Each structure stands twice: as structure tokens, then as C-alpha cells.
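This report covers chain contacts, helix packing and local backbone features. Have the sequence and the model at hand while reading.

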Amino acid sequence: MQLALFILFGGLALAGAINLLVQKAPIHSALSLVLVMGSLAVLFLLLGAEFIAFIQILVYAGAIMVLFVFVIMLLNAQPSEPSRASRAARWLGPPVAGLLAILLAVRVAGRYHRVPANLGQPMFQIGDIGQALFHQYLLPFEVTSVLFLVGVAGAVMLAARPEEAPQPARQECPEPADSMTREKGAGA
Amino acid sequence: MVVSLADYLVLSALLFALGVAGFLFKKDLITVFISIELMLNGVNLTFVAFSHYLRQNAIDGNLFVFFVMVVAAAEAAVGLAIIIAVVRNRNTLNIDKMDLMKN
Amino acid sequence: MTIGTFVVVAIVKALIALFILTTLIAYIQLAERKIVARMQSRVGPTRVGPFGLLQPLADAVKFILKEDITPTASEKGLYLLAPILSVTLALLAIAVIPVGPPLQIHGWTIPLQLTDLNIGLLYVLGVTSLGVYGIVLAGWSSNSKYSLLGSLRAGSQMVSYELSLGLALIGPILLAGTLSLHGIVEAQAGGHWFLWTQWLAFFIYLTAGFAETNRIPFDLPEAEGELGAGYHTEYSAMKFAMFFLAEYANMITVSAVATIVFLGGWSGPVFGPAPLRILLPIFWFALKVAAFLFLFIWVRGTLPRFRYDQLMAFGWKVLVPLALANVLVTSFAVAVLH
Amino acid sequence: MPINLHLWLIPTLCFLGFALNILFGRLWSKAAAGTVGILFPAAAFLWGLRAALAWSSLPVHPYLESHGAWILAGPLRIPFGFQLDPLSLVMLLVVSGVGLVIHVYSLGYMSEEGGFYRYFALLNMFLFFMLTLVLANNYLLMFVGWEGVGFASYMLIGFFFRRDSASRAGMKAFVVNRIGDFGFLIGLFYIFQLFGGFEYTRVFPQVMRMPAETGWHGPLTLIALLLFAGATGKSAQLPLYVWLPDAMEGPTPVSALIHAATMVTAGVYMVARSAAIFDRSAVALEVVLAVGALTAIFAASIGMLQRDIKRVLAYSTVSQLGYMFMACGAAAYGAGIFHLMTHAFFKGLLFLAAGSVIHAMHGEQDMFRIRTLATGGLKRYAPITFWTFLIATCAITGIPGFSGYFSKDLILEKVFTGAAGSRFWWAVGAVAAAMTAFYMFRAVFVTFFPARGGEAEHAPAPGLAGHAHPSGQEPATVVAHPAHPHESPKVMTIPLIILAVLAAVGGFLNLGDRFMRFLAPVFQPAAAGTVALGPETPAAGWLKIVPIVAAIGGLCFAWWFYQWKPELARRSAQALPRLYALVFNKYWVDELYQRAIIAPLTWISRRLLWRDVDQTLIDGSVNGVGRLAQAAGDRIRRQQSGYIRSYASWVGAGAVVVLLYVLWLGAR
């Protein structure tokens with residue numbers, strides 16, 4: 001049962017990843033990644049990580065990837081025209097990717113041929129996660145939340161449409177120099 | 001037959017390598033970004049697998065994944081905002097055309 | 001339980017659930033038409049069958065037989081995928097909804113739900129959060145500007161309100177101390193519905209739920225006046241029906257979750273002989289869900305539509321802060337009480 | 001807590017004067033800058049006077065004042081502190097007193113010059129360093145002052161920096177001093193190695209426990225000789241005296257203060273201060289005596305034929321410093337210091353008076369030209385200058401009753417009778433004294449008296465060195481040959497009078513050997529232990545007569561040559577042309593140095609070090625590295641393609657390499 005599910009969803013994940021590479025249009029790549037994420041969520045369930053599995057769905061697939069799809073739609077991203085600019089990537093890329101796969105998969109992962117004694121139902125409840133998160137990992141948690149806040153603020157700043165030049169009517173003191181600098185500031 | 005840790009690790013290694021390949025070969029910015037997310041996912045799988053097998057269902061690996069997700073979310077927000085800004089200015093998503101740094 | 005029986009039981013349960021659900025959806029639709037008609041001083045469907053009761057069947061036949069148009073400029077694969085995704089996810093969400101306490105029959109314990117997850121609520125949220133894909137993909141793949149605008153609207157609306165939806169649920173979760181739907185119901189046993197203490201969360205949840213299902217007054221994505229029919233403008237026949245199905249399935253999910261989380265689920269006065277004892281909780285549950293569904297219809301019949309910027313502003317500037325405040329207050333209360 | 005003299009205030013006050021003038025002087029009027037420049041040294045002098053008045057009530061001698069550690073590095077621990085004993089008290093008063101007088105004089109002398117504030121700032125800075133040198137309680141702090149005065153001297157010699165000869169002279173002084181300082185510095189290292197510290201109170205007691213040395217090889221001999229090397233530089237002794245005559249390029253008050261009265265005596269002070277060390281080395285004493293005597297007669301002989309009044313005085317200074325070293329070499333340090341003091345008075349006075357002459361003659365420094373220009377004798381126009389100059393001349397030549405008589409007599413007597421003395425060097429000293437009298441009175445007669453008959457000594461000098469800086473024209477004032485020589489203003493004549501009084505009566509300080517007794521405690525311990533000194537020769541009565549005879553003889557000869565029979569000078573010069581040329585050109589020492597030392601050095605520097613080593617080897621390798629980097633960068637630059645994917649590829653390649661390394665090399 002475990003093995004069957006692993007093969008099924010592991011295979012799905014791999015297929016999704018490969019599809020991500022093969023597909024031309026960004027939207028297809030994005031959806032492939034959603035497939036990978038869904039499969040991984042199932043694998044997480046197999047590994048007894050229920051919480052992570054659903055967070056994976058909720059946050060990764062349901063929020064982050066939605067964002068991607070959104071941006072793709074917003075920018076109407078079409079398959080990019082072929083370009084052969086980067087020689088380094090062309091010559092170096094295949095061996096690098098291949099070697100990475102071989103090294104990581106065969107040499108590194110090959111060392112862990114072990115099956116632990118007692119695997120089974122998840123041994124922790126949702127509460128344990130909360131406990132760990134707010135005691136042992138409180139500092140990282142807070143740091144990441146600050147990071148997140150900053151990230152959100154930055155995203156809003158970056159994506160905000162450059163403001164139009166301020167209209168004279170709305171300005172309190174329409175000094176030309178002032179408006180110049182404002183325009184510059186908005187442009188930058 | 002049982003699934004061993006190695007199987008999960010191999011899977012995640014392959015996912016990671018595919019992510020690297022995507023990063024290197026894909027030409028539009030968004031797909032490159034997506035490839036990064038794929039790499040992160042591959043790593044996440046190793047976290048959970050290690051947590052499950054090596055530490056006997058320890059909670060730590062799960063929390064790492066949790067943090068990775070939060071960071072990924074922040075990264076996605078900022079990164080996509082940057083992509084939007086870039087496209088607004090350069091009017092292209094092709095990564096090879098973003099060569100203002102050249103020369 | 002061997003794997004074989006497990007699979008069989010699962011499939012049987014799934015089929016039963018599916019059947020009930022589709023029937024239910026069909027009749028909710030009929031009910032909606034009738035009720036709205038009454039509200040608007042009309043009669044509604046009466047021709048097919050007594051009181052128009054066979055109308056859903058006729059509609060179904062009609063959907064199946066209608067010409068299935070696929071726009072040539074569309075992305076075929078995604079165009080097909082979108083409605084399937086929508087309806088599948090909508091139906092999947094129902095899988096963890098318990099309609100009553102586990103049945104004890106011949107020593108077998110049959111939970112009245114497809115599966116009982118430790119973190120059922122999370123599952124529901126996760127699956128419904130994926131629902132947005134169906135809408136977004138539909139709009140994208142149709143390659144039509146109305147569809148695209150509709151799906152963009154729908155997408156951002158759902159993503160926005162999902163936040164307040166989830167936050168609103170945290171209050172009751174804090175009180176219940178579990179994410180299991182079963183556990184949440186049991187935490188409200190004896191009439192201690194979370195509605196009493198979490199009325200603010202209930203209001204937020206309800207509002208967000210209307211938005212999540214794209215119902216009036218938040219049906220901007222399919223605003224007929226502006227967008228034709230929004231993201232499914234280009235869809236017809238069975239594919240359109242699937243969106244239809246998904247919307248009503250989502251309504252049911254939202255109602256069921258509201259019932260479970262705020263209204264004590266199947267709890268209610270249980271009395272009488274054994275069969276009645278088994279059926280009464282299910283009845284109570286159905287009643288509460290029906291009340292919610294009626295509310296949906298009622299609101300549709302009375303309220304006008306929001307303007308889009310009002311909608312987003314309301315979501316981010318009113319609901320989210322309120323939900324956060326509620327979470328804060330609740331956690332303090334929980335911390336103090338424990 | 002005994003009386004606190006706050007000695008640190010003395011140098012600090014001077015430093016304040018320097019700082020204020022250098023920072024704000026540019027903004028001030030000349031009057032303000034001058035006031036500041038004088039007030040602070042005056043305050044320092046008064047404070048020194050206060051210390052002198054409190055001297056008798058001091059409970060402990062020497063008085064020590066410590067201001068904590070100055071340098072702390074491992075075993076090296078150098079305190080920052082001051083010491084007041086009779087020796088430094090004398091030096092303190094001489095330096096600040098004469099310094100103050102000369103400051104006042106400068107007010108008048110420099111009134112026409114630009115850079116007024118800079119002049120006073122530097123003068124104050126000089127005082128600051130000089131007083132630090134004098135008051136220091138350890139060798140290193142003394143060295144700081146030593147170098148500081150060298151720097152101040154360099155700045156002041158080159159004060160008229162627009163004039164090439166002035167800045168060259170400044171550099172020459174600095175470089176020549178550095179040679180001496182090098183010896184001094186090595187001596188200091190040796191002292192530290194031997195005694196583990198620099199404080200006098202730490203070094204001398206240890207020295208006194210060491211046996212006397214007779215050979216060349218003893219550590220104390222080595223130290224003494226190294227220190228003396230420093231002294232020959234600073235005090236312009238053979239063979240490093242060459243800078244002092246050139247230093248006359250500086251303003252005349254600077255010559256008076258630095259190159260006559262104070263700084264150049266620092267070497268004498270240092271030797272006297274190190275009396276304990278010198279006393280223990282017969283060889284060192286002998287060297288000091290010989291060098292002193294040789295310098296005295298050597299410089300005196302040059303002085304006899306100089307035409308430039310300031311140069312005469314410069315060689316005279318060198319010669320007189322030789323006397324002081326003779327005294328030290330005879331282990332009669334007190335006599336040396338006594339001469340140092342009287343010399344400060346009369347030589348300061350001589351320079352100031354010479355400055356007054358130059359001032360009167362609007363920049364003319366050639367005595368013979370002055371004589372021609374000032375018809376009827378300059379003494380008519382500038383009587384005060386004349387009389388003070390005459391008093392100073394009497395003092396320096398040793399006319400009985402004047403201060404120089406007492407000190408020079410004492411030195412000659414000590415050289416004859418002293419334990420480390422010698423008759424031969426005494427004789428040399430006596431001859432030098434006669435020469436001194438000759439050239440000094442020559443200067444008086446030529447400068448102030450009207451010419452009688454034919455002009456003497458107009459023979460153009462064979463060789464050019466003497467005319468290299470023929471008249472080293474004073475300040476940038478245009479030499480407008482005046483028909484109206486005039487007496488200097490009061491601000492200049494009053495200092496002259498003050499110094500004249502001191503030069504006249506200063507010798508009486510030692511009446512009844514009081515001055516010697518006062519100084520004795522400083523040198524007493526030195527004489528107490530085992531000393532490399534022989535027995536004293538008893539003094540003979542005729543010893544007192546000889547210097548007087550020498551002085552009068554010199555006076556007579558000068559009168560004979562330059563007043564009575566002026567043509568005699570020219571005739572004698574023509575009779576002995578080679579000797580005349582030799583002496584007139586200062587024995588060609590500068591040329592010798594130029595040929596023997598500077599030229600080879602320059603050649604090595606130019607040809608070998610510059611062209612071969614520096615240009616070919618070092619520049620070549622440096623440029624080669626640069627070119628290599630450039631070429632490599634040019635290649636590598638192409639990797640900077642600007643494509644994100646290229647960069648990512650390289651990052652990936654790096655990851656692969658790291659993995660390979662870890663897997664095959666690290667983890668096995």
C-alpha cells in the first residue's frame with residue numbers, strides 16, 4: 001500500500017516536474033508545479049506529516065501558486081520566443097543538471113538504505129506543532145514573520161503602479177520645483 | 001516491500017535537479033521562478049523524509065518545511081512584484097533580454 | 001479491515017455521498033428558483049412534474065443534450081480541465097463533512113462521513129482554496145476578455161476573502177482545541193454553540209463564505225451586466241453545468257462547515273426509539289444546513305451587488321482587521337480561562 | 001605632599017602659544033600674533049623663575065614629577081615625567097630667559113616680514129621642544145625634544161622658504177642632524193638593553209655600579225660614543241659641523257636663539273647629563289676632549305677669514321661649542337655648562353647685535369661692504385649696537401672681567417689640571433682662544449670702525465665655496481644700498497642691553513666657585529664611584545695668565561691688521577695664497593663631503609637603485625603583475641555575460657564541484 005502510493009504519487013511528482021521543463025507556456029509549467037505539490041502533499045501524508053501536507057496544499061498550492069498563475073494571467077505570459085543568448089548555460093547546463101541529479105540521487109541518497117523500526121501513524125498532534133513553534137522555535141518564527149511583513153510591504157511597493165504626476169488641483173502648494181521632485185521620486 | 005528513506009531522497013534529488021535544469025534552460029522569468037519553487041519543494045521532501053525516518057517522526061523537519069514555506073511565500077510575493085515591475089519597464093519576460101548589466 | 005473491504009466501503013460511501021449531493025444540488029437549485037420567484041411575486045417552474053419537481057431532471061437532460069461548444073482560440077486542455085477541476089474540488093471538500101455521529105451497526109462503527117481526519121477543517125480549507133484554479137483557468141483558457149476579467153475578479157476575490165474566512169475559523173478552533181470536525185462538534189455539545197461566543201467570527205465567516213462562493217452580493221465575477229457571465233461566459237452544456245454544480249456544492253460545503261463550527265453540527269434534542277435516535281442528529285444537521293442554504297437564497301433575492309473596489313476594500317479593510325481582532329481577543333480569553 | 005612645581009606647565013605654555021598662533025594666527029593682526037607669541041614664553045619663563053625661587057625649599061633633589069606612563073609595550077615602560085635638578089634648572093632659565101629676550105627682539109626685527117604668526121608659532125614650538133628636552137626625566141623624552149628642536153630648527157632655517165638656499169640649508173641641517181641622531185638612537189637602544197629603561201634615576205645608579213672602562217670595547221664606552229655622535233650632530237662638532245654655518249640662512253634672531261644660544265648646546269647638555277656614563281670611559285672622554293679641541297681651533301681658523309658677519313659668528317659658535325666639549329672631555333662638566341650659559345648670553349647678544357647691524361644696513365651682511373657703505377664707521381650711526389657688540393666681543397674673547405673670561409679660563413684651567421685633561425689639548429685651546437680674539441676684534445674693527453687708507457683683504461677668494469652664499473641675503477627685503485644707516489628701534493636695542501649686562505657680569509656668578517658648587521650635586525655622584533680618571537695636575541700660576549695674553553694678543557693683531565696697517569692683511573694673504581685659499585674656503589670640507597659621500601651615494605641611488613632595482617626590477621614586476629591581471633581580467637570579463645542563466649550555470653557548476661569534493665575527498 002505504502003509502496004504503491006509512493007510509486008503512484010512519486011511518479012506523478014516526477015512527471016509534473018518533467019512536464020514543467022518540457023512545457024513551453026508558463027501557465028502549463030505553473031500547473032505542473034501544482035501537480036507536483038499535490039503529489040508531494042500526498043507523500044507528506046504518507047510520511048505522517050499531515051499538517052505539512054495540508055499546509056502544502058493551502059499555502060503552496062492554494063496561495064503561492066495562485067499568485068503565480070495570477071501574474072501569468074496579468075502579464076499574459078506567452079511561450080517565450082527562442083533565444084540562444086547564454087553560451088554558458090547551453091554548454092554548462094546539461095552536465096551540471098545531470099551531475100547534480102546523479103550526485104545527489106546516487107551518491108548522497110544512496111547512503112540511507114535504512115528503514116526505521118517503528119513507523120506508522122503520526123506521533124504528534126497539531127498542538128505539538130504549536131508548542132514547538134511557540135516555544136522552541138519562537139525566535140525563528142518571529143523572525144520569519146517580520147521577514148514576511150517586510151516582504152509584503154516590499155511587494156506592494158514594487159508592484160504598485162507608478163503614480164501619475166500629481167494634479168495641480170490636489171496639490172496644496174503647487175510649486176514647480178516640488179512637483180518636479182515628486183515626479184522624479186515617483187518615477188524612481 | 002517497504003519504502004525506504006533512500007527512495008524519498010532519490011525522488012527529492014531528482015526533483016531538485018529538475019528544478020536546477022528548469023532554472024538553467026527555461027527562458028522566461030516566471031518559469032525560472034517556478035523552477036526555484038520546484039527546488040524548494042524537493043528540499044522540503046527531504047526535510048519531511050529525514051524527520052520521519054531518522055528522528056522517528058520528530059517535529060523539527062516539519063517545522064523547517066513550515067519555515068521554508070513562509071519564506072517561499074514572501075519570496076514569491078516580492079519576486080512576482082519584481083517581475084511585474086520588470087515587465088512593465090522592459091516589456092518582455094525573456095530572461096536573455098534582461099541584459100542591462102552586460103558590458 | 002482488509003484493503004479490499006476498505007476500498008469497497010470507501011467506494012460505496014463515495015458513491016452514496018455523490019448521489020445524495022448531486023440530487024441535493026439539483027433540488028436546491030429548484031428551491032432557489034421557486035423561492036426567488038415567490039419573493040419576486042412570480043411562481044417559478046411548475047410545468048415539469050408536480051410543482052415542477054422534475055424540473056432538475058429536465059435541466060440535466062437539457063445540459064447533456066445541448067451542443068458543447070469549444071472556442072477555437074481557447075486552450076483546449078485547460079478549457080476542459082477547468083470545470084472538471086472546479087467540480088471535483090467542490091465535491092472533494094464534502095468528503096470530511098460528518099453529517100452525524102458515527103453509526104453503531106452490528107458492531108461496526110460507520111462514521112457518517114467519508115473519512116475522519118485529525119485536521120479535517122484544514123483539509124476543507126485546503127481543498128476549497130484550490131477551487132480558485134478552476135475559475136482562473138476557465139477565464140484564462142477561454143481566451144476571451146470577459147472571461148479573463150471575470151476570472152481575475154473571482155480569483156482575487158476568493159484569495160482575499162479566503163484570508164478572513166480562515167481567520168474567522170481560528171476563534172472556534174482555539175475554543176475547541178482541535179482541527180477535527182468531529183471534535184469541534186463535540187466541543188459544542190449541550191448547546192454551547194460557538195455562535196454564542198464567536199458571533200463576530202460567525203458574521204465574518206458568513207460574509208466571507210458568500211464571497212467565496214461568488215454569491216450575491218459578491219457575485220462580481222459573473223456580473224451579467226458587465227461581463228456577460230464572467231469566467232464561464234464561453235462555456236456551454238455539460239461544462240457549464242459543472243461550474244453550476246461546483247457553485248452549489250461549495251454553497252453546501254460552506255453551509256455545512258458553518259453548521260459544524262458555529263451551530264453545533266448535528267447536536268439537538270435526541271429522543272424516541274433507536275431508529276429515531278439514529279436519524280434525529282442527521283435531521284438536525286440537515287435542518288441547519290437547509291437554513292443556511294435558505295439564507296443564501298434569501299440574500300440573493302434581496303440584496304444588490306457590491307461595486308468591485310468596495311468589495312476589495314471591505315474584505316481587506318473591514319473583515320481582515322475584525323477577524324484579527326477576534327483572534328486576538330479569543331486567544332487572550334482562552335489563555336486567561338485556562 | 002611636597003611642593004608641586006607643575007613643571008609640565010612650562011613646556012605646555014609654549015605649546016599653547018604655538019597652537020594658538022598656528023591655528024588662528026592667520027586671522028590675527030601682527031600685533032596680536034606677536035603678543036600671543038611673547039606672552040606664553042614669558043609666562044613659561046616666569047613659571048621657571050618661580051621654580052628657581054622655590055628651589056631652596058625643595059625637600060628632595062632632584063625634584064621629580066611624573067605624569068603616568070607614556071609608552072607601555074611589553075617590557076618597555078617609559079614614564080612621562082619631568083626632572084628638575086641644578087643642571088636642568090640652569091638650562092631652563094637660560095633657554096626660557098634668553099629665548100624670551102630674543103622673542104622680544106624678533107618683534108622688532110621681523111616686523112617687516114610676512115608669515116609673522118608662523119614665525120612666532122615656530123619659535124614657540126622650538127621653545128616647547130627645547131624645554132621638554134631640558135626638563136625630561138628620561139632619555140626617550142629627551143630624544144623627543146631633541147628631534148623636535150631639530151624639526152623646529154629645520155622649519156626656521158627654511159623660514160624664507162621661497163629662497164632656494166634657505167630651504168636647502170634647512171634640509172642640510174636636518175639631514176646632517178639625522179646622521180648624529182642615528183648614533184644617538186642606537187645609543188638609546190643600547191641603554192634600554194643594558195638598563196631596561198630610560199629614566200635617569202634608573203640608568204645612572206646602575207651605571208655607577210659598573211666598573212670603569214679603559215679600552216674601546218666596553219658597553220659604556222660604546223654608549224658614550226654613540227651619544228656623543230648625536231651630540232656632534234646637534235652641537236655642530238667635527239665632522240658634522242657643516243650644517244651650522246649654512247643655518248645662518250634663517251632669520252638672525254633664529255640664529256641667535258637656536259643656532260647660538262640654546263639648541264646647539266643641547267649636545268653639551270646631553271653629554272653633561274650623561275656625565276656618569278662618560279666618567280666611566282677614559283676613551284670616550286678622550287674622544288670628546290679631542291673632538292672639542294680640534295673643533296675649537298678648526299672653526300676658529302676658518303672664522304678668521306670669513307667676510308660675512310653672521311658666518312664669522314657661526315664659526316665662532318662652532319668653536320665655542322668645541323670649548324664646551326673640551327670641558328666635558330676633561331670631566332669638568334660644570335665648567336662646560338658655565339661656558340654654555342655665558343656663551344648663551346654673549347653669543348646671543350652677538351647675533352642680535354649683528355642682526356641689528358644687518359637691520360641698520362638694510363640686509364647687508366658682508367663686513368667689508370658694510371665698512372665701505374657706512375662712511376665714517378657704523379658706530380656713529382648705531383652706538384648702542386656698537387657698544388653691546390663690543391661688550392659681547394670682550395666677553396667672548398675673554399677680556400678679564402667679562403663673563404667669557406671666567407668660563408673660558410675655567411675650561412682651560414680644567415683641561416690643564418683636570419683628571420682627564422691634557423697639556424697638548426690645553427695648548428690647542430689656548431691658540432684657539434687667541435684666534436678667537438683675533439677674528440672677533442677683526443669683526444668689530446671692520447664692521448664698526450671707519451676704514452683707514454686702502455681697503456684690506458679685497459682679494460677675491462680663490463675657490464668658490466666661500467661665495468656660494470656670499471651674503472646669504474637676509475629677509476626678502478630688497479637690498480637697497482642705503483646711504484643712511486640707522487640705529488634699531490627700542491624693541492631691539494633693549495634686548496641688546498639686557499643681554500649686554502648679562503654678558504658683562506654673568507661671569508661673576510661663579511665668584512668663589514658658587515656656580516660650580518651649585519651644579520656639583522649633578523656630577524658629584526659621578527665622581528664618587530670608580531672613575532676612569534687620573535690624578536689632577538696641580539694648577540700653576542701662569543695658567544691664569546695665558547688666556548689673558550691670548551685675548552690681548554688677538555686684539556692687538558686684529559688692530560694691527562685691520563686698523564693700523566690695513567694693507568698688511570692683503571699682503572699676508574698674497575704671501576700665503578694656498579693657505580689663504582684653504583682656510584678661506586673652509587678647508588674644502590663641504591666639497592670633500594660632496595665628493596666622498598654625497599656623489600657616490602647619488603650615483604648608487606641614481607644608477608643602481610633607481611634605474612636597475614627600482615625601474616627595472618620593482619616597477620617591472622609591479623607592472624607585470626598589473627598587466628597580467630589586466631590580461632586575465634580581459635579574458636575573464638567575457639564570462640560576465642550579463643545573462644542570469646550563465647551565472648546560474650556557474651553557480652551550479654560550483655555546487656557540483658563542491659559536491660564532488662565532499663563526496664570523494666571529504667567524507668571518505
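## Chain interfaces

How many residues of chain B are in contact with residues of chain A? The number is 74 from chain B, against 83 residues of chain A. Contact means heavy atoms within 4.5 Å. The model is predicted; local features need pLDDT of at least 70, side-chain atom pairs count only at pLDDT 80 or more, and totals for chains, interfaces and linings use all residues. Residues are numbered from 1 along each chain as its sequence is written, chains are lettered from A and ligands numbered from 1 in the order in which they are written, and side-chain values use heavy atoms, with hydrogens and water left out.

The size of an interface is often given as the accessible area lost when the parts come together. Here, buried area is the accessible area (1.4 Å probe) that two parts lose on being put together, summed over both. Between chain B and chain A about 7100 Å² is buried, and carbon and sulfur atoms give 79% of that. Chain C and chain A bury about 2100 Å², with 81% on carbon and sulfur atoms. That contact involves 26 residues of chain C and 23 residues of chain A.

## Salt bridges

Side chains of opposite charge can pair when their charged atoms come close. A salt bridge is a side-chain nitrogen of Lys or Arg within 4 Å of a carboxyl oxygen of Asp or Glu. Over all chains, the structure holds 18 salt bridges. Between chain B and chain A the count is zero. Across the interface of chain C and chain A it is also zero.

One salt bridge pairs the side chains of Glu247(C) and Arg215(C), at 3.6 Å from N to O. Glu247(C) lies in helix α10 (residues 237-262) of chain C and Arg215(C) in the loop between α8 (199-212) and α9 (224-227) of that chain, so the pair ties together parts 32 residues apart in sequence.

## Helix packing within chains

Helices (H or I, at least four residues) are DSSP runs, numbered from the N terminus. Axes are lines fitted to C-alpha atoms, for helices over the stretch in contact, and angles run from 0 to 180 degrees between N-to-C directions. Angles under 35 degrees count as roughly parallel, over 145 as roughly antiparallel, 65 to 115 as roughly perpendicular and the rest as oblique.

In chain C, the axes of α1 (residues 3-39) and α11 (residues 274-302) come within 9 Å and cross at roughly 40°. The two helices are therefore oblique to each other. On the α1(C) side the contact includes Ile28(C), Glu32(C) and Met39(C); on the α11(C) side, Phe294(C), Trp298(C) and Arg300(C) are among the residues. By class, this contact has eight nonpolar, one polar and two charged residues. Ala, Val, Leu, Ile, Met, Phe, Trp, Tyr, Cys and Pro count as nonpolar, Asp, Glu, Lys and Arg as charged, and the others, Gly among them, as polar.

In chain B, α2 (residues 29-53) and α3 (residues 60-90) pack at about 175°, axes 9 Å apart. That makes α2(B) roughly antiparallel to α3(B). Their contact has 16 nonpolar, five polar and three charged residues.

## Helix packing between chains

Helix α3 (residues 50-75) of chain A packs with α5 (residues 145-176) of chain C at about 150°, axes 11 Å apart. The pair is thus roughly antiparallel. α3(A) passes α5(C) in a left-handed crossing. Contact residues include Leu58(A) and Phe70(A) of α3(A), and Leu148(C) and Glu162(C) of α5(C). The contact divides into seven nonpolar, three polar and one charged.

## Backbone exceptions

Most residues other than glycine have a negative phi, and most peptide bonds are trans. Leu238(D) and Pro239(D) are joined by a cis peptide bond, with omega about 0°. Pro239(D) sits in the loop between α8 (219-234) and α9 (243-246) of chain D. Ala236(D) is in the loop between α8 and α9 of chain D, and its phi is positive, near 55°.

Asn143(C) has a positive phi near 60°. Asn143(C) falls in the loop between α4 (120-142) and α5 of chain C.

Terms used: Left-handed = near helix turned anticlockwise from the far one by under 90°.
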